[in-house]
Amino acid sequence: MKALMSGNEAIARGAYEYGVTFASAYPGTPSTEITEEFSKYDGVYAEWSPNEKVALEVSIGAAIAGAKAMAVMKHVGVNVAADPLFTVSYTGTNGGLVIITADDPSLHSSQNEQDNRNYARFAKIPMIEPADSQEAKDYIKLAFQISETFDTPVFLRSTTRVSHSKSVVDLEEPVPRKDTTSIQHNRDKYVMVPAKARLRRIEVEKRMEKLKEYAETFPENRIELNDADVGIITAGMCYNYAKDAFPNYSYLKLGMVNPLPVKMIREFASKVKKLYVVEELDPFIEDQVRALGIDVVGKAIFPYTNEFDPGVIEASMTGTSAGAPLELPLTIPMRPPNLCPGCPHRGLFYVLGRTKAFVSGDIGCYTLSFMKPLEGIDSCVCMGASIGMAHGMSKALGEKGKGKIIGVIGDSTFIHSGITSLLNTVYNRSDVVIVICDNRTTAMTGMQDHPATGSTLQKQKTKELDFAALGKALGIDSVHVVNPLNLEAMKAVVKEELSQDGPSLVISQAPCALLRSRQIDEIIPLAVDPHICTGCKVCLRLGCPAISWKRFEDLGDLKVEKKTKKQDGIAVIDASLCNGCTVCSQVCNFGSIKEVQ
Amino acid sequence: MYNTTQSVLLAGVGGQGILRASDILSLVLMEAGFDAKKSEVHGMAQRGGCVTSHVRYGTKVYSPIAKKHDINILVSFEKIETLRYLDYLKPTGKVIVNEIEIYPPSVNLGEAQYPSDIIDIVKNHVQEVKVLNATEMALKAGNPRTANIVLLGALSSFMTDINDDCWERVLRKSFTVKVVKANLDAFELGRNL
């Protein structure tokens, strides 16, 4: 049967068909749907772990117990998981262990554009890279076969365009499940103390030698000889872009990018006149080809940054421009992503913005508050960085920083990597105010559960982490739970805590607007009374997508009296967008915003 | 069947049902016997930002995204988004515009103005332009959430290579009993425009 599937759905399907029964992951674009889709199949266990390091450790445990397990994460998640990653390369896996890294060239939804092929070389782990959904489904099976044959963890690398493109896939029946698990004691292999790890280190090199031989016969490394004037070595989605632009050239299409098939590369190079490597981001293949003494063209003409498309490859190889931009008689206003109407973060960041403090930010929807008009955060580096950075800043500034440093972090992000740094603010005594933006879900990646939601990925009821009790247990004396949609209450707590010594914790708690609209039956939108609105524009400073500015001349039949000499329009609320959060009615000094009766 | 890959670009604002529409379009193309690929970006970009979906079809499709100046049909779910992607269009390309305005933040803040002459500009650059108000037509079909299907209906009238039955079969499979009629009606309204 044929189906239209995204790369992520196809990876999940392939794992299911191959008999994989175990997945652990932390959500992160563009990887999230792999685990979500996998979790829906019969007879599998799948979990959201608190972060990628835990997710990998969980899958390592499952694999050592004999299961076929996969740990799924976005590219920067591998940084978090890097500690167990480098050593599981030494221990090997017993069962099957595949680590899926979904990279994000062009930073569509990420803080950096790192090329995780480098991890494969660095950690001496084989890596395969599918180019479309059919390959995604086939390659996850190959990844497990390699893992099981060579007793090694295996990387499957996707990129945003593979993960989030849909193409036609042939569905197959799943193989019958076998229970392969048991407890096996093998301390020589799994206790990585120096004496044992030194011996395993040698095994890693032996394994890489075997894998180099295997790469030469790996069925998904293939030479397509055509026009011999130009040969292109490429892998993953770039193969499709290049084939689209130059269908008649010769190709060495690499399914495995670590280790590379050296003999095959030499053979291909000898058969074509001019050799190119087409790869996004780093010259990962190019550098290795050149190290073989082969003359090759790569980053000399292709960009280092951003994802490619057929036009980029065509322009680079023919030396033409990718097409002149259209000359339009106007500038098109930008449309950046924005906090949703009714988003509880809006109330919080409106209050924080007024404090003039440095707000050390983190990764989640609330990162979007950095933009005008809220300009609510001043930094964002990685998951969990907000608290550590706020602490460091407070320590470095001493008296000068008192009452001026706030750290904000989402609920899921706090659980991911904020707990230890919150403990640090207590242990090393800084004067920061830490705010957990607790919207009861992992919102940015599409509403995933986490340890404080009371529900697991597979919808089992579970214990619900209590942030306030945790804060107290870590030694924070001053802990508040405040609804950010109540501006006065939030203002009072933030003001009080900024004036106090020692770290304090504010849990800014209200459900994500998208959750709320699912939970409640009827949303009562608000409206601006045009005859009361003075056109002061205070409500516009919230940056709510439901509130817009209408000039008097654009009001049509509506006749409105000027309240001040300067007034040239009124605020208008789009009832179809309004979520009824009431924050705008709280900032209006004239009582012009009310619920629609 | 085509020797070259055909491309449709759907563009608009997060929440307008663009991804659903491009899913349906891709399934219709599969149903019609084509190889089909589609691509879009999820995640952060979806929070009220621009959303685009490339859909490509032919005998064999390699890239799921088209290069600039290679789109056969641009379906714009919002007026100003038409201009943002106009340079993806082939010189012979066609455009469908939903003439609704969703203000970007800078317009809401009063810092920028929403241009008033967008349709004229589009018509200056493109020979074949179809303008409709899909939101109003969706209301006529009985469900305001079917505006994306109205636009698919309009698109179908440009895609003469696709049999009517393919559209209907896929539309029937794509919706629950409760909303299928509204969606079929919405499709017809767009198609017969």
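Modeller: Gladly! A definition to begin with: helices are DSSP runs of H or I with at least four residues, strands are runs of E with at least two, and both are numbered from the N terminus. By that numbering, A:Pro373 sits in the loop between β14 (358-360) and α16 (385-397) of chain A. Please keep in mind that this is a predicted model.

Biologist: What makes the peptide bond from A:Lys372 to A:Pro373 cis?

Modeller: Its omega is near 0 degrees, and the bond is cis. Another cis bond joins A:Asn258 and A:Pro259, with omega about -10 degrees. A:Pro259 belongs to the loop between β12 (256-258) and α12 (262-271) of chain A. As background, most peptide bonds are trans.

Biologist: How many helices and strands does chain A have, and how many does chain B have?

Modeller: Chain A has 22 helices and 22 strands. Chain B comes to eight helices and six strands. Read from the N terminus, the order in chain B is β-α-β-β-β-α-β-α-α-β-α-α-α-α.

Biologist: How do you know that the radius of gyration of chain A agrees with that of a compact globule?

Modeller: For 597 residues, a compact globule would have a radius near 25 Å, and chain A has 27 Å, so the two agree. The C-alpha trace of chain A spans about 80 × 65 × 50 Å along its principal axes. For chain B, with 193 residues, the globule value is near 16 Å and the chain has 16 Å, which therefore agrees as well. The C-alpha atoms of chain B fill a box of roughly 50 × 40 × 35 Å.

Biologist: Why is A:Thr93 called buried?

Modeller: Buried means under 20% relative accessible area. A:Thr93 has 1%, so it counts as buried. The residue lies in the loop between α5 (82-91) and β5 (96-103) of chain A. Beyond its sequence neighbours up to four places away, A:Thr93 touches residues including A:Ala63, A:Ile64, A:Ser147, A:Asp151 and A:Tyr190.

Biologist: And why is A:Asn94 called partly exposed?

Modeller: The label covers values between the 20% limit for buried and the 50% limit for exposed. A:Asn94 has 30% relative accessibility, so it counts as partly exposed. A:Asn94 is also in the loop between α5 and β5 of chain A. Its phi is near 65 degrees, a positive value in a residue other than glycine.

Biologist: What is phi of A:Arg429, and why is this residue called exposed?

Modeller: Phi of A:Arg429 is near 50 degrees, again positive in a residue other than glycine. For comparison, most residues other than glycine have a negative phi. Exposed means over 50%. A:Arg429 has a relative accessible area of 68%, so it is exposed. You will find A:Arg429 in the loop between α18 (419-427) and β16 of chain A.

Biologist: What makes A:Lys463 exposed?

Modeller: Its relative accessible area is 76%, so it is exposed by the over 50% rule. A:Lys463 is in the loop between β16 (433-438) and α19 (467-474) of chain A. Leaving aside neighbours within four places in sequence, A:Lys463 is in contact with A:Pro451 and A:Gly454. The C-alpha atoms of A:Lys463 and A:Asp309 are separated by 46 Å, and the two residues are 154 residues apart along the chain.

Biologist: What makes helix α11 of chain A mostly covered?

Modeller: Eight of its nine residues, in the run 237-245, are buried. Among them are A:Met237, A:Cys238, A:Tyr239 and A:Ala245.

Biologist: What share of each chain is buried?

Modeller: Buried residues make up 58% of chain A and 61% of chain B. The accessible surface of chain A comes to about 24,600 Å², with 53% belonging to carbon and sulfur atoms. Chain B exposes about 7,700 Å², and carbon and sulfur atoms supply 47% of that.

Biologist: Where are the domain bounds in chain A?

Modeller: The assignment gives domain 1 (2-217), domain 2 (222-318), domain 3 (344-519) and domain 4 (526-595). The centres of domain 1 and domain 4 of chain A, taken over C-alpha atoms, are 52 Å apart.

Methods: Residues are numbered from 1 along each chain as its sequence is written. Chains are lettered from A and ligands numbered from 1 in the order in which they are written. This is a predicted model: local features need pLDDT of at least 70, side-chain atom pairs count only at pLDDT 80 or more; totals for chains, interfaces and linings use all residues. Side-chain values use heavy atoms; hydrogens and water are left out. The radius of gyration is taken over C-alpha atoms; the globule rule is 2.2 Å times the number of residues to the power 0.38. Buried means under 20% relative accessible area, exposed over 50%, partly exposed in between (1.4 Å probe, protein chains only). Accessible areas come from the Shrake-Rupley method with a 1.4 Å probe; for residues, only the protein chains shown count as cover. Domain bounds come from an automatic or database domain assignment. Contact means heavy atoms within 4.5 Å.
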